[in-house]
Amino acid sequence: WHPKGTGGEAPHQAATSVMLHELGHAMDRLLGLRENDIIFGIWSQNDKQVIEEGISRYAATNIAEMIAEAFCEYKMSASPRALAMQIGTVIDQEYNRKYGQQQ
């Protein structure tokens, strides 16, 4: 279930992965990410197999899980894959637009 490179393979890092996943849900609610044109486009223009292969099997269940799983991979993986990178970049941009860039 864990996105590639997020520590799901190592039990001592699984808690960090879960926390980042849940933070992804919080960012979704805080920023209204499900309504973001780019993120909604990724969800609606790709079939479940593409999302499953590009993020995780759980990400393919619904848009909220896609956002949370992508955020986790984007923040935790040393080399996030393309879909996670696209979604993570949008999250960073939307956060910075709403709250200002953090130093």
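This is a predicted model: local features need pLDDT of at least 70, side-chain atom pairs count only at pLDDT 80 or more; totals for chains, interfaces and linings use all residues.
**How many helices and how many strands does the chain have?** The chain has five helices and zero strands. Helices (H or I, at least four residues) and strands (E, at least two) are DSSP runs, numbered from the N terminus. Residues are numbered from 1 along each chain as its sequence is written, and side-chain values use heavy atoms, with hydrogens and water left out.

**View 1. The chain as a whole.** Of the 103 residues in the chain, 44% are buried. Here buried means under 20% relative accessible area, exposed means over 50%, and partly exposed is in between (1.4 Å probe, protein chains only). Among contacts between residues at least 6 apart in sequence, 61% join residues at least 24 apart.

**View 2. Helix 4 meets helix 5.** Two packed helices are described by the angle between their axes and the distance between the axes. For helix 4 (residues 63-76) and helix 5 (residues 82-99), the axes come within 8 Å and cross at roughly 90°. Helix 4 and helix 5 are therefore roughly perpendicular to each other. Helix 4 brings Met66, Ile67, Ala70, Phe71, Glu73, Tyr74 and Lys75 to the contact, and helix 5 brings Ala84, Met85, Ile87, Gly88, Thr89, Ile91 and Asp92. Sorted by class, the contact has nine nonpolar, two polar and three charged residues. Angles under 35 degrees count as roughly parallel, over 145 as roughly antiparallel, 65 to 115 as roughly perpendicular and the rest as oblique. Ala, Val, Leu, Ile, Met, Phe, Trp, Tyr, Cys and Pro count as nonpolar, Asp, Glu, Lys and Arg as charged, and the others, Gly among them, as polar.

**View 3. The two faces of helix 5.** Leu83, Ala84, Ile87, Gly88, Val90, Ile91 and Glu94 are the buried residues to look for in helix 5. They cover an arc of only 155° around the axis, which puts them on the same side of helix 5. The arc is that of the directions from the helix axis to the C-beta atoms. On the face turned away from this buried side, helix 5 carries the exposed residues Ala82 and Arg97. Just after helix 5 comes Gly100, with a positive phi of about 85°.

**View 4. Met85 and its contacts.** Met85 sits in helix 5 and, at 40% relative accessibility, counts as partly exposed. Leaving aside residues up to four places away in sequence, Met85 touches Tyr74 and Pro80. Met85 and Phe71 are 14 residues apart in sequence, and their C-alpha atoms are 8.4 Å apart.

**View 5. The buried side of helix 2.** In helix 2 (residues 37-45), the buried residues are Ile39, Gly41 and Ile42. They span an arc of only 160° around the axis, which puts them on the same side of helix 2. These buried residues of helix 2 pack against helix 3 (48-54), helix 4 and helix 5.

**View 6. Ser17 and Thr16 in helix 1.** Ser17 lies in helix 1 (residues 11-31) and is buried, with a relative accessible area of 2%. Thr16, also in helix 1, is partly exposed, with a relative accessible area of 41%. Ser17 and Glu73 are 56 residues apart along the chain, with their C-alpha atoms separated by 8.3 Å. Thr16 and Cys72 are 56 residues apart in sequence and 9.0 Å apart in space, C-alpha to C-alpha.

Key. Axes are lines fitted to C-alpha atoms, for helices over the stretch in contact, and angles run from 0 to 180 degrees between N-to-C directions. Contact means heavy atoms within 4.5 Å.
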